[in-house]
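Hello,

Here is the structure I promised to pass on to you.

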Amino acid sequence: MFMSHQPVIDGFEFASAGAAQQGAWPLSGFARLRELLASDAGEVGYALQGTRDARGRPSLRVSVSGTLQLRCQRCLEPMPFKVQAEELLVLAATQSEIDAEPADASVPDRVVAGKEMAVRELIEDQLILELPYAPRHEFCNGLETEADASISPFAGLRGLIQRKQ
Ligand SMILES: [Zn+2]
C-alpha cells in the first residue's frame, strides 16, 4: 500500500498496513538540524515503510539519503557530508513500555507511536543521529594554502643565508 505524501502518520495504522511513503524534504524545513549546517540549501531524500520487527511488533523503517553541508571544526569552511542511513524504529504504545525494556545496544530503537506522528521529526531525528560529533575535512584547503605561503619566504631566506656562508 502506497500512501501519498502526508505531513503526519498514524504510527500503528501505518505500520500494520505496511504503508509506504517517500519523497524529498528541503533542508530549510528542519529547524533543529539547520542550526548544525553551514548551508540549508538543497534537500534530502527519505522513505518511510511500515513493517514489523523480528518479534512481529509494528515498526517503521526510516531511510534518509543526501548530502549535508556541515561546518569543518578546524577551518570553519563548509564540508559536504554524505548521509545514507536506514533505521528500524519499533513502535511502543507508551513511554513506560519503552522504559520497562532492559537497556541493551542490540535491541532496536523504540519510539512512542502517536495518531499524528510528524514525518518531518522522524526524518530530522534520523539525520541528526548520523552527524559526526566534530566534523573535519581530511585536508583543509584553507590550512594548506596558509602553510604553503609561510614556507616559501623562509625557504627563500634560507637560500640567501647559505649563499652568504
Ligand atoms: Zn577544514
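Let me start with the strands (DSSP E runs of at least two residues, numbered, like the helices, from the N terminus): β4 (residues 58–71) and β5 (residues 78–92) run antiparallel and are joined by 13 bridges. Within this pair, V64 stands opposite A85 in β5.

Before going further, a word on the source: this is a predicted model, in which local features need pLDDT of at least 70 and side-chain atom pairs count only at pLDDT 80 or more, while totals for chains, interfaces and linings use all residues. Residues are numbered from 1 along each chain as its sequence is written, and side-chain values use heavy atoms, with hydrogens and water left out.

β4 and β5 belong to an open, mixed sheet of five strands, ordered β2-β3-β4-β5-β6 (two strands pair if DSSP finds at least two bridges between them). At its edges are β2 (20–26) and β6 (109–112), each pairing on one side only. From one strand to the next, the twist averages 30° (axes are lines fitted to C-alpha atoms, for helices over the stretch in contact, with angles from 0 to 180 degrees between N-to-C directions).

Helix α3 (residues 119–130) packs on this sheet, where it touches β2, β3 (43–52), β4 and β5, and its direction makes about 125° with that of β5. Helices here are DSSP H or I runs of at least four residues, and contact means heavy atoms within 4.5 Å. The buried residues of α3 are V119, L122, I123, E124, Q126 and L127 (buried means under 20% relative accessible area, with a 1.4 Å probe and protein chains only). Their cover includes β1 (8–9) and β7 (117–118) as well as β2, β3, β4 and β5.

Now to the loop between β4 and β5, where L76 is found. L76 has a positive phi of about 65°, although it is not a glycine.

Which protein atoms are the donors of the zinc ion? They are C72 (SG), C75 (SG), H137 (ND1) and C140 (SG), at 2.1 to 2.3 Å from the ion (donors are N, O and S atoms within 2.8 Å of the metal, or 3.2 Å for Na, K and Ca; water is not among the atoms, so sites may look incomplete). The arrangement is tetrahedral because the four donor atoms subtend angles of 102 to 119°, the criterion being that all angles lie between 85 and 135 degrees. Both C72 and C75 are buried.

Happy reading!

Methods: Buried < 20%, exposed > 50% of the residue type's maximum accessible area, 1.4 Å probe, protein only. Tetrahedral: all angles 85-135°; square planar, octahedral: opposite > 155°, others 65-115°.
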